[in-house]
Amino acid sequence: MDRRDTALTELMDDPHCDPRALAATYRRFDVVNRLVSAWGHVYRSHVRPELRALGRPARVLDLGCGGGDVVARLAGLARRDGLDVEWVGADPDPRALDAARARSRPGVRFTAQGSGDLIAAGETFDLVLSNHVLHHLDAAALDTFAADSLALSRGSVLHADIARGRLAYALYAVGIAPLSIGTFLRVDGLRSIRRSYRAPELAAALGAPWRVLTPAPFRVLAVARGRAAGAPAAGSARDA
C-alpha cells in the first residue's frame with residue numbers, strides 16, 4: 001500500500017468479462033458512489049456556485065461517465081436548485097453506454113465518445129468533471145486525459161478519485177460485502193484503491209496548473225481552470 005500497484009487490472013476492464021456481473025456492477029454504482037464519492041459535497045462547494053455565477057444556461061460534461069450515475073445525480077441536484085443545465089455523459093466503452101443510457105432523461109444525454117472525439121467535434125463545456133477515471137490511466141494516458149479536459153472546459157475541471165490508504169482498504173473490504181453479490185464491486189474496488197493516488201502523488205503526476213484537494217476522507221479532487229475558448233479569466237469563478 002506504500003506504492004501504487006499499477007500492475008493490477010480490474011475485472012470490469014476485461015472486454016470478455018461476465019456481462020451480467022458487469023451490468024449489475026454499473027447498476028449498483030449508484031448506491032456505492034452516493035456512500036463514498038463525496039459528490040454531494042463537491043456539488044455544493046464547487047459545481048453549484050460556478051453554475052450559478054454564470055447567470056445563463058450551462059453545459060457540463062462527465063468525461064468517462066461509466067454507468068452515468070454521477071451525472072444523473074448531479075443533474076437532479078441542479079434541477080432541484082433551479083439551475084438550467086445540459087448534462088452530457090461521455091464514454092467510449094459501449095458497455096458503459098448501455099448502462100448509462102438507461103439514466104437518460106430531459107437535460108441528460110450520453111454519447112459514445114472519448115475526449116479526443118469531443119475536441120475534434122469542436123465541443124466545449126462550462127465545466128468538465130470525472131469520477132474514478134484517473135487511477136485507471138497510465139502516465140501517458142493521464143497526461144492526455146488531463147490536457148483534453150482542460151481543452152474542453154471554459155470553466156473549472158474537477159477530477160475526483162479514491163485516495164489510497166490502508167484504512168480505506170480495510171473499511172471498503174468489510175463495508176462493500178452486502179452490495180457486492182453478483183458484481184465486481186469488491187474485487188475491483190479493492191484493486192482500485194491499490195491503484196489509486198495519494199494527494200501528493202497525484203499533484204506530482206499532474207503538475208501545473210492542477211491543485212489536488214481532499215474534499216472528504218479517502219478522497220482526492222484534482223482542480224484546474226479550463227483553457228477552452230471563452231474561458232473566464234483565472235480567479236473569476238470559484239475554484240477552491
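Visitor: Which residues are linked in a network of salt bridges?
Guide: Arg59, Glu86, Arg109 and Glu123 form that network. A salt bridge here is a side-chain nitrogen of Lys or Arg within 4 Å of a carboxyl oxygen of Asp or Glu. This is a predicted model, in which local features need pLDDT of at least 70 and side-chain atom pairs count only at pLDDT 80 or more, while totals for chains, interfaces and linings use all residues. Residues are numbered from 1 along each chain as its sequence is written, and side-chain values use heavy atoms, with hydrogens and water left out.

Visitor: How many salt bridges does a search of the whole structure find?
Guide: The search finds 15 salt bridges.

Visitor: What does arginine 20 meet in a salt bridge?
Guide: Its partner is aspartate 18, at 3.7 Å from N to O. Arginine 20 counts as exposed because its relative accessibility is 66%, where exposed means over 50% relative accessible area, buried under 20%, and partly exposed in between (1.4 Å probe, protein chains only). Aspartate 18, at 35%, is partly exposed.

Visitor: And arginine 95, which residue does its side chain meet?
Guide: The side chain of arginine 95 meets aspartate 93 in a salt bridge of 3.0 Å, N to O. Arginine 95 is partly exposed, with 24% relative accessibility.

Visitor: Changing topic, how much space lies in the largest cavity?
Guide: About 50 Å³ lies in the largest cavity, and the count is one cavity of 30 Å³ or more. A cavity is a set of points on a 1 Å grid over the protein atoms alone where a 1.4 Å probe fits but cannot get out; lining residues have an atom within 4 Å of a point. Points are joined across faces, edges and corners, and the volume is the space filled by probe spheres set on them.

Visitor: Which residues line the largest cavity?
Guide: The lining consists of Asp30, Asn33, Arg34, Ser37, Trp39, Asp69, Val70 and Arg73. Helices α1 and α3 (69-80) each supply at least two residues of this lining; helices are DSSP runs of H or I with at least four residues, numbered from the N terminus.

Visitor: What about the surface, which residues make the nonpolar patch?
Guide: Val31, Leu35 and Val36 make a nonpolar surface patch of about 260 Å². Patch residues have over 30% relative accessible area and no salt bridge, and nonpolar side chains (Val, Leu, Ile, Met, Phe, Trp, Tyr) are joined within 5 Å. Areas come from the Shrake-Rupley method with a 1.4 Å probe.

Visitor: Where is valine 36 placed?
Guide: Valine 36 lies in helix α1, residues 19-36, and is partly exposed at 37% relative accessibility.

Notes:
Patches are made of residues with over 30% relative accessible area and no salt bridge: like charges are joined within 9 Å, nonpolar side chains (Val, Leu, Ile, Met, Phe, Trp, Tyr) within 5 Å. On a 1 Å grid over the protein atoms alone, a cavity is a set of points where a 1.4 Å probe fits but cannot get out, and a pocket is an open set with protein on both sides within 12 Å along at least five of seven lines; lining residues have an atom within 4 Å of a point.
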